[in-house]
Amino acid sequence: MELLDYMKAKRILDNNGIHSVESMYVKSPGEALSFSGGEPIVMKLISGKALHKSKEGLVKLNLVKREEIEKAYKELREKGDRLGLKPYRIIVQKTARKGIEIIIGGKTDNDFGKMVLIGLGGIYVEAFRDFALGVCPVNGYDSMRMIHSLKSRDVITYQGKQEKEIEKLVEKVSTMLKKNEWIQELDLNPVIISENGYEIVDIRILR
Amino acid sequence: MPNVSNLDMMMNPRSVAIIGASKNPDKVGHVILQNYVNAGYSGRLYPVNKDADEIMGLKAYARVGDIKDRIDLAVIAVPAKFVPGVLEECGKAGVKSTVVVSGGFAEIGQVKLQEDLVKIAKKYNMPTLGPNCLGVMDPRSRVDTLFLPTFKLSRPQIGGVSFVAQSGAVGSTILDLISGEGFGLSKFISYGNAAHIDEVDILEYLMNDDETKVIVMYIEGIRRGRDFVELAKKITKKKPVIVLKGGRTAQGMQAAHSHTASLAGSWESYEAVFRQFGFTIANDISELLHYAKIFASEPEPRGGRIGIVTNGGGVGVLAADAIGNSGLLKVGSLSDVTKKELRRKMPPLVNISNPIDIAGDAGEDRFNTAMSLLADDDGIDMLLVIALFQTPGADSTVAARLIHYKENSEKPMIVLTIGADYTRMHKIMMESAGLPVYDSPDAAVKALKALLMYYDYRNNTP
């Protein structure tokens, strides 16, 4: 399996009505600065050789000032070279709101084909293993039951306030997986749930 | 979607040939023929054995082709290497269906031999069950291809539960246990290697079988996952399906591979599919039976508010705890009418709240009063009656009262009773009359929860 380029993956999600945070590849600190436009941004190094960006220190958060952006850019480049992560690219993203991190994913099961996953996300995925799976296509009732089966149900839905939004997102992901049989695995992790809905911060599509 | 249709011929044959029937009591073919004879099978029975003229008083035939009759079912119990030849003869003779009991195929690496079997079955469009299986049993039609003697494995009475098992060992164990339960059996199908007829075919057949009210299945893997999903969407809309899956863990999966040449899928995916389509998941053999009996006899509940009647305070508390922990059921609140009536009709020592503790000296009249009030109380959806037979007041009249009450009850009702011989005697009385009896608060509450969850799924899924 190979990892699909981030921006390509983002476009596929966009085409399926699944919007993720604004992102762009940059070739210089200057490009990153103009992308920022005074708003705090996130800078990441993306390489097929680095699977867990945050664990490996390849993510720089909350960059606003010119010096911060330049420093982060320089450090990421140095780290990428030192760890032998070439070829790599630097990507910048708008900073998401604070909230609860969830994961929405997809897999191809040997027996049942495409399956969609929802669970408590970010660093908690493996620690708590609080997730639910559904076989695609899932309808609104299925995704509602998946969410209700989670221990973290009330936490991730903001006491139910974001339940409908998350339900719809799970359905959309299921539809996308069925339409694109070539997608072997998918991680949207984290998806940040806040008072204002959801924001997808990281995307991995394996083909 | 159906891979093989018309299993009806296999379940209700008018004529059966037993190929490999033998005079030697140690042979599988002997036991199978003996079982048909013992069961009083009313169709025409033909032993096939080239070395005998007559077995158990029946004329024996050298080959199936020699029989001058239409054969609806041929049971094949000959060594694996002879099976393709025998199957070919069956095909030529126009046999309508076959059960291959013989082992020695894909489960021990003889893949080619199994492929040959499938080719012949397909060539003659002849539904073939197995190989490496126990076959089928139907107490109504008295078909019984099991090579296990009736003195070792008791046969269940006629009922509404059909049981599908991939494994012969799990199949026969559970079947033996079912014979001790009150609910009875509609059909038993053990399909072994599933070379031709597989689990999807069998479930499809049982889904449309009017005599099957509840389906219980033991599986290790599913061969046609997507077809299974399509069937799963329909089947639980018609009847409850209880599933126990073997091969959940890596160790279990290894055993499954070497066992029935089955491909066990990842448990999480299976669990997700079962949940999504309203299957009731059992975690072991006893849970499977606990669920089977409540589904076999109890009607749809209106909700999850439980009314408890108990002649022992502590067990009532344990049951209320189990309900509290279930995450779905609730101990219901009694209506004012119920409370008033309880006060009027019960002696002062009776506790007027739910659980209704009718005290250790309670006889059938107090049970009757409490149950009748709960039956009429709109705040109660299901009844859990705790009858402890160690108490001074409880004897067979209490068991008889519960049975009588059950026959008129519109709400689901189960009994919890815990104890040794005297209790067991009453448990058997009540279960034979179709009342589900449990021996732990946890098991009782899990069963009530499973009942509610199933109907909740069935009513709410689009």
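This is a predicted model: local features need pLDDT of at least 70, side-chain atom pairs count only at pLDDT 80 or more; totals for chains, interfaces and linings use all residues.
Biologist: What makes up the contact between chain A and chain B?

Modeller: Chain A gives 20 residues and chain B gives 20 residues. The area buried between the two chains is about 1500 Å². Carbon and sulfur atoms give 53% of that.

Biologist: Which residues of chain A lose the most area to chain B?

Modeller: Asp111(A), Phe112(A) and Tyr141(A). Together they account for 45% of what that side buries.

Biologist: Why is the pair Glu268(B) and Arg129(A) called a salt bridge?

Modeller: The closest N and O atoms are 4.0 Å apart. The cut-off is a Lys or Arg side-chain nitrogen within 4 Å of an Asp or Glu carboxyl oxygen, so a pair at the stated limit is counted. The count between chain A and chain B is one salt bridge. Nine residue pairs are in polar contact across the two chains, with both residues at pLDDT 80 or more.

Biologist: Which elements of chain A supply at least two residues each to the side that touches chain B?

Modeller: Strands E5, E6 and E7 and helix H5 of chain A. E7(A) gives the most, with four residues. The residues of that side divide into nine nonpolar, three polar and eight charged.

Biologist: How do you know that the span of helix H10 of chain B agrees with its number of residues?

Modeller: H10(B) covers residues 285-297, which is 13 residues. At 1.5 Å a residue they should span 18 Å. The end C-alpha atoms are 19 Å apart, so the span agrees. Several residues of H10(B) are buried, among them Leu288(B), Tyr291(B) and Phe295(B).

Biologist: Lys293(B) also lies in H10 of chain B. What makes its pairing with Glu431(B) a salt bridge?

Modeller: The N to O distance is 2.9 Å. The limit is 4 Å, so the pair qualifies. Glu431(B) lies in helix H15 of chain B, so the pair ties together parts that are 138 residues apart in sequence. Both Lys293(B) and Glu431(B) are buried.

Biologist: Why is Asp144(B) called buried? And why is Arg155(B) called partly exposed?

Modeller: Buried means under 20% relative accessible area. Asp144(B) is at 4%, so it counts as buried. Arg155(B) is at 22%, so it counts as partly exposed.

Biologist: Arg224(B) and Asp227(B) form a salt bridge too, at 2.9 Å. Are those two residues buried or partly exposed?

Modeller: Arg224(B) has a relative accessible area of 18%, so it is buried. Asp227(B) is at 24%, so it is partly exposed.

Biologist: Which residues are linked in a network of salt bridges?

Modeller: Asp138(B), Arg140(B), Lys187(B), Asp209(B) and Glu211(B).

Biologist: What makes Thr391(B) and Asn311(B) a polar contact?

Modeller: Their side chains are joined at 3.2 Å. The limit is 3.5 Å, so the pair counts. Thr391(B) lies in the loop between strand E18 and helix H14 of chain B. Its relative accessible area is 14%, so it is buried. Setting aside residues up to four places away in sequence, Thr391(B) touches Asn311(B) and Gly360(B).

Biologist: Why is Asn180(A) called buried?

Modeller: Asn180(A) is at 15% relative accessibility, so it falls under the 20% limit. Asn180(A) sits in the loop between helix H7 and strand E8 of chain A. Beyond its neighbours within four places in sequence, Asn180(A) is in contact with Asn16(A) and Lys114(A).

Biologist: How do you know that the bond between Asn189(A) and Pro190(A) is cis?

Modeller: Omega is about 0°. Pro190(A) is found in strand E8 of chain A. A cis peptide bond also joins Asn354(B) and Pro355(B), again with omega about 0°. Most peptide bonds are trans.

Note on methods: Residues are numbered from 1 along each chain as its sequence is written. Chains are lettered from A and ligands numbered from 1 in the order in which they are written. Side-chain values use heavy atoms; hydrogens and water are left out. Contact means heavy atoms within 4.5 Å. Buried area is the accessible area (1.4 Å probe) that two parts lose on being put together, summed over both. A polar contact is a pair of N or O atoms within 3.5 Å; within protein, one must be able to donate a hydrogen and the other to accept it, and residues adjacent in sequence count only if both atoms are side-chain atoms. Ala, Val, Leu, Ile, Met, Phe, Trp, Tyr, Cys and Pro count as nonpolar, Asp, Glu, Lys and Arg as charged, and the others, Gly among them, as polar. The expected span of a helix is 1.5 Å times one less than its number of residues. Buried means under 20% relative accessible area, exposed over 50%, partly exposed in between (1.4 Å probe, protein chains only).
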